Amino acid sequence: MAGTSTHTVTNQPPPLVGYDVFTADRALAEAVDRYTGADVLDDVRAELSALGRAVGSAQVQEWAVRANEHPPRLRSHDRYGHRIDEVEFDPAWHRLLGKGVSAGLAGGAWTRPSGHVRRAAGFLLWTQAEAGTCCPLSMTHAAVPALRADAELAAEWEPRLASTVYDPQPRVAGQKPGALFGMGMTEKQGGSDVRANTTAARPLAEPGTYLLTGHKWFCSAPMSDAFLVLAQAPGGLTCFLVPRVLPDGSRNVFLIQRLKDKLGNRSNASAEIEFDGTWARRVGEEGHGVRVIIGMVAATRLDCALGSAGLMRQAVAQAVHHCAYREAFGGKLIDKPLMRNVLADLALESEAATALALRLAAACDDGGEQERAFLRLAVPAAKYWITKRCAPVAVEAAECLGGNGYVEESGLPRLVRESPLNSIWEGAGNVQALDVLRALRREPGALDACLTEIGRAHGADHRLDRAVKDLFTELADLEGVEGRARRLVERLALVLQGSLLVRHAPPEVADAFCASRLGGDHGASFGTLPAGLDLESVVERARPA
């Protein structure tokens with residue numbers, strides 16, 4: 001590397017750039033092979049490899065840096081004083097979002113063979129490029145099941161959402177080659193308790209149309225073409241579609257009060273908005289708002305798990321790559337026993353997250369009754385646990401780079417700031433834990449489906465079998481369990497991950513996971529794996545070759 005007049009720069013790893021992020025992720029590539037239909041597998045591999053090369057390219061990485069260094073700005077009025085309520089993005093944002101749309105990460109999963117698995121893998125990859133653009137991609141993907149509560153709306157909007165053409169111009173949706181969706185549910189006084197919403201919906205003469213008055217405290221992707229929101233109609237809490245531009249070409253009343261100044265996810269706009277006579281179309285029946293929008297919520301929760309798995313994978317890849325080149329105390333960091341322990345521990349967390357998230361995507365593709373029951377319990381459990389593990393993984397990975405990992409140019413600070421997001425959005429930890437309890441009490445088929453999945457590894461590892469017995473003990477008494485709901489959900493997620501790794505991962509990965517996560521031979525921090533494990537193989541598997 002180039003030197004200076006005072007010294008020669010040595011012992012610095014090369015940038016992790018110019019590689020195929022998909023094929024370098026063995027756990028992800030194997031999961032795609034496992035769950036993709038044989039008739040489309042070659043096409044899916046090629047598609048994901050092309051996306052992986054884009055994610056690993058210098059150009060996309062440069063766009064990601066620029067989009068975060070130049071966050072969106074609110075333009076409430078034009079130069080003449082007309083209110084326009086537009087969000088202005090750096091050109092790099094549009095290039096990134098356009099790339100994500102063209103890769104089928106918006107609504108494409110619902111119309112393609114093995115669509116959910118291929119999109120899940122692509123979403124996990126794209127998160128590693130720039131997580132902010134994943135929000136509008138996720139909202140658009142997740143809007144489809146909610147819109148299907150109204151066949152007419154679904155027929156009108158689904159082709160636009162499944163489009164691979166990105167058009168950022170605020171125009172009548174019917175005149176655009178593709179469209180994006182946002183969402184607004186929470187309000188100041190209620191937060192996750194959406195039944196406390198006060199936004200009012202007044203029916204108009206035309207059936208199914210209303211005027212909304214109220215606000216949303218968090219509105220995701222406010223530059224989108226349309227939004228799904230909740231409001232109180234005469235018949236109770238109801239779901240509505242709010243277009244940004246009305247059919248006659250005029251702007252709908254969509255008053256952006258300000259953009260949130262967030263910890264991370266800074267390239268993406270999140271807004272506080274107000275409705276003041278805002279035209280809306282009802283989705284589903286009055287009073288069924290939660291029932292209608294729950295399909296969207298479930299899809300976004302799975303995306304939260306996928307997004308956190310992607311962030312963890314990128315953090316681990318950066319840490320392993322750095323340690324493979326950096327020398328200290330007479331040798332490569334990756335060969336030092338203690339650092340190897342840390343890297344292997346991080347790699348286990350990443351692979352377990354990927355394995356569970358892709359298994360859930362495969363269940364979405366299957367669509368059968370058993371798999372739907374499995375998703376009812378497994379999605380909130382996975383969302384809870386995978387997103388909780390993301391922040392400590394990102395922080396530990398940054399520490400592997402030492403002081404270099406604390407410097408913005410390394411990219412690790414952006415991962416660290418992003419890492420808590422998916423745990424908070426779409427229902428924080430307590431909401432997920434309570435949702436699991438609700439499913440256990442009301443839908444016994446969901447537990448049966450999860451136990452069937454876990455039971456496929458019965459007898460393969462004694463530590464997993466013992467952990468399953470402990471889970472049964474927890475499940476035996478669901479009365480008064482709310483105070484220990486997090487403990488229960490954590491155990492459920494861990495045995496699901498353990499079952500998947502025992503069946504599908506290399507023996508050294510499954511052994512280390514079961515010993516540490518299920519066998520109890522693990523400390524409170526990363527790098528405390530027990531002796532006798534093949535940690536070198538675990539780390540080598542995680543290396544972005």
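Which orientation do α13 and α16 have to each other?

Author: Bear in mind that this is a predicted model, in which local features need pLDDT of at least 70 and side-chain atom pairs pLDDT 80 or more, while totals for chains, interfaces and linings use all residues. Residues are numbered from 1 along each chain as its sequence is written, and side-chain values use heavy atoms, leaving out hydrogens and water.

Now to your helices. α13 covers residues 429-442 and α16 covers residues 485-504 (helices are DSSP runs of H or I, at least four residues; strands are E, at least two; both are numbered from the N terminus). Their axes come within 9 Å of each other and cross at roughly 75° (lines fitted to C-alpha atoms over the stretch in contact, angles 0 to 180 degrees between N-to-C directions). The two helices are therefore roughly perpendicular to each other (65 to 115 degrees; under 35 is roughly parallel, over 145 roughly antiparallel, the rest oblique).

Who does the touching? On the α13 side you'll find Gly429, Asn430, Ala433, Val436, Leu437 and Leu440, and they meet Ala485, Arg486, Leu488, Val489 and Leu492 of α16 (contact is heavy atoms within 4.5 Å). By class, the α13 and α16 contact has eight nonpolar residues, two polar ones and one charged one (Ala, Val, Leu, Ile, Met, Phe, Trp, Tyr, Cys and Pro are nonpolar, Asp, Glu, Lys and Arg charged, the others, including Gly, polar).

The loop that leads from α12 (421-424) to α13 is worth a click too, as it holds Glu426. Glu426 isn't a glycine, yet its phi is positive, about 60°. Glu426 is also buried, with a relative accessible area of 15% (buried is under 20%, exposed over 50%, partly exposed in between; 1.4 Å probe, protein chains only). Look for Phe329 in the loop between β10 (327-328) and β11 (331-332).

Ser138 is another buried one, at 6% relative accessible area, and it belongs to helix α6 (residues 134-147). Skipping neighbours within four places in sequence, Ser138 touches Arg119, Phe123, Thr300 and Asp303. From Ser138 to Leu180 it is 42 residues in sequence and 9.6 Å in space, C-alpha to C-alpha.

Rings next. Searching the whole structure turns up five aromatic pairs (Phe, Tyr and six-membered Trp rings with centres within 6.5 Å; planes under 30 degrees apart are stacked, over 60 edge-to-face, the rest tilted). Tyr210 and Phe240 sit 4.9 Å apart, centre to centre, with planes at 70°, so they are edge-to-face. Because Tyr210 is in strand β5 (residues 209-220) and Phe240 in strand β7 (residues 236-243), the pair ties together parts 30 residues apart in sequence. Tyr210 and Phe240 are both buried. Phe254 and Phe275 pair up in a tilted way, 6.2 Å between centres and 55° between planes. Those two link distant parts of the chain, 21 residues apart: Phe254 is in the loop between β7 and β8 (255-259), Phe275 in strand β9 (residues 270-283).
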